[in-house]
Amino acid sequence: MMLSSVLARNFCQVSAVLRRTTFESACRTITTSSPKYGDNEVTYLQLKTMLSKHDIQLFDVRNPDEYQAGHISDAVNIPLGKLEESLKLSPEHFEQKFKVKAPGKDDDNIVFQCKSGNRSLKALGIAYQLGFSRARHYKGGYTEWVEKKGK
């Protein structure tokens with residue numbers, strides 16, 4: 001009985017170590033292979049400057065009703081759920097559909113924006129997967145824009 005108790009305890013310890021090691025390994029893989037988006041955030045002042053210089057392709061990824069209720073001027077509404085298919089359109093079809101020049105994969109003035117930064121971060125991930133490696137997002141979103149614009 002004592003031997004089976006020792007074996008059971010040792011088995012549990014080995015099992016726990018293996019689970020922890022596997023978990024830690026999986027975490028390392030996820031954190032090292034995931035793109036880092038922190039360097040690709042645009043601040044309120046940067047966004048304001050880009051807009052004043054007309055050097056921006058600003059995409060509002062909120063739903064159409066949110067966009068209609070208020071939006072940053074010059075922002076083009078492409079709801080998050082339609083972003084991937086929209087970015088895959090040919091330049092001609094994109095321009096027909098959205099009435100603006102299609103973004104290029106090397107463009108460094110592509111900015112995604114939503115209400116508070118969550119959907120724009122997801123939009124950035126979609127854009128990165130499609131090869132738009134210089135795209136950025138406005139983390140503060142429309143909420144911050146309205147708040148700071150009013151001051």
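1. Let me start with Asn109, since its side chain has two polar partners in this predicted model. Another, of 2.7 Å, runs to the side chain of Gln57.

2. Where does Asn109 sit in the chain? Asn109 belongs to the loop that lies between α5 (91-98) and β4 (110-113). Despite that loop position, Asn109 counts as buried because its relative accessibility is 12%, and the cut-off is under 20%. Leaving aside residues up to four places away in sequence, Asn109 touches Met50, Asp55, Ile56, Gln57 and Arg136.

3. Next, the charged pairs. How many salt bridges does the structure hold? There are four. Among them is the one between Arg62 and Asp60, with an N to O distance of 2.8 Å. Are these two side chains on buried or exposed residues? Arg62 is buried, at 4% relative accessibility, and Asp60 is buried as well, at 0%. If you are setting up charges, this is a pair to look at on screen.

4. Arg119 and Glu66 form another of the salt bridges, also listed at 2.8 Å from N to O. This pair links distant parts of the chain: Arg119 is in helix α6 (residues 118-129) and Glu66 is in helix α3 (residues 64-69), 53 residues apart. Arg119 has a relative accessible area of 22%, so it is classed as partly exposed.

5. Asp108 and Arg134 also meet through their side chains in a salt bridge, at 3.4 Å from N to O. Asp108 is in the loop between α5 and β4, and Arg134 is in the loop between α6 and β5 (136-138), so the pair ties together parts that are 26 residues apart in sequence. Both residues are partly exposed: Asp108 at 39% relative accessibility and Arg134 at 41%.

6. Finally, the wider picture. The chain has seven helices and five strands, and from the N terminus on they follow the order α-β-α-β-α-β-α-α-β-α-β-α. Of the 151 residues, 34% are buried. Among contacts between residues at least 6 apart in sequence, 60% join residues at least 24 apart. The chain exposes about 9,800 Å², and 57% of that area comes from carbon and sulfur atoms.

Definitions and conventions
Residues are numbered from 1 along each chain as its sequence is written. This is a predicted model: local features need pLDDT of at least 70, side-chain atom pairs count only at pLDDT 80 or more; totals for chains, interfaces and linings use all residues. Side-chain values use heavy atoms; hydrogens and water are left out. Helices (H or I, at least four residues) and strands (E, at least two) are DSSP runs, numbered from the N terminus. Buried means under 20% relative accessible area, exposed over 50%, partly exposed in between (1.4 Å probe, protein chains only). Contact means heavy atoms within 4.5 Å. Accessible areas come from the Shrake-Rupley method with a 1.4 Å probe; for residues, only the protein chains shown count as cover. A polar contact is a pair of N or O atoms within 3.5 Å; within protein, one must be able to donate a hydrogen and the other to accept it, and residues adjacent in sequence count only if both atoms are side-chain atoms.
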